[in-house]
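Trainee: Could we go through this structure together, one question at a time?

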Amino acid sequence: MFAPTSPSLPRALPAEHRERLMAAAREVSFPQGTRLFEEGGRADRFWVIRTGTVELDMRVPGRRPVTIERLGHNELIGWSWLFRPHVWHLGAEAATPVRAYEFDAASVLALCERDAELGREVTRWVGEVVAHRLHSARVRLLDLFGPYGAGAGV
């Protein structure tokens, strides 16, 4: 059972900040099965999904990677670019063909430095996503590896 979706871009940022952020985006697409990033790799960009589905996964010793969450329209892929040491904490793969907006982390960080209010809003949004993903990972791992029903109601 997957938890509800994380805070999407339109709900997360006021219109003026969302427009400034989107001005830094470029459109990209990924065929089904494309690995967007690997756990432990350098986090230097992030995406907001336009269409399609991306699965976040986590390495589990002695097992195949475990799908933690499925992301769709308007959801953020990647938060590790904002926090040191800027390495991915999960992996991500296109579960379907995906169209997305891609953001260069260094450019967005520079934009946030120049506009403190935008920086606060982006940090708040990404922080909410991190909290949601941590909860999703905990519930999913309890569902898979805990006693029956351990992830229910967490």
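What follows is a set of questions and answers on strands, aromatic rings and helices.

Mentor: This is a predicted model, in which local features need pLDDT of at least 70, side-chain atom pairs count only at pLDDT 80 or more, and totals for chains, interfaces and linings use all residues. Residues are numbered from 1 along each chain as its sequence is written, and side-chain values use heavy atoms, with hydrogens and water left out.

Trainee: In what order do the four strands of the open sheet lie?

Mentor: Strands here are DSSP runs of E with at least two residues, helices are runs of H or I with at least four, and both are numbered from the N terminus. Two strands pair if DSSP finds at least two bridges between them. The edge strands, each pairing on one side only, are β2 (35-37) and β5. The pairing is antiparallel, and the order is β2-β7-β4-β5.

Trainee: Which residue of β7 stands opposite E55?

Mentor: Strand β4 (residues 54-58) pairs with strand β7 (residues 91-94) in the antiparallel sense over four bridges. Within this pairing, L56 stands opposite A92. The residue opposite E55 is E93.

Trainee: Why is β4 described as largely enclosed by the rest of the structure?

Mentor: A residue is buried under 20% relative accessible area, exposed over 50% and partly exposed in between, using a 1.4 Å probe and protein chains only. β4 is largely enclosed because, of its five residues, the number buried is four.

Trainee: What is the angle between the planes of F46 and F103?

Mentor: Rings of Phe, Tyr and Trp (its six-membered ring) pair if their centres lie within 6.5 Å; planes under 30 degrees apart count as stacked, over 60 as edge-to-face and the rest as tilted. F46 in strand β3 (residues 45-51) and F103 in strand β8 (residues 98-104) are 57 residues apart in the chain. F46 is buried at 0% relative accessibility, and F103 is buried at 0% as well. Their pair is stacked, with 4.7 Å centre to centre and an angle between the planes of 5°.

Trainee: How does α2 lie relative to α4?

Mentor: Axes are lines fitted to C-alpha atoms, for helices over the stretch in contact, and angles run from 0 to 180 degrees between N-to-C directions. Angles under 35 degrees count as roughly parallel, over 145 as roughly antiparallel, 65 to 115 as roughly perpendicular and the rest as oblique. Helix α2 (residues 15-22) and helix α4 (residues 116-145) pack at about 90°, with axes 10 Å apart. That makes α2, relative to α4, roughly perpendicular.
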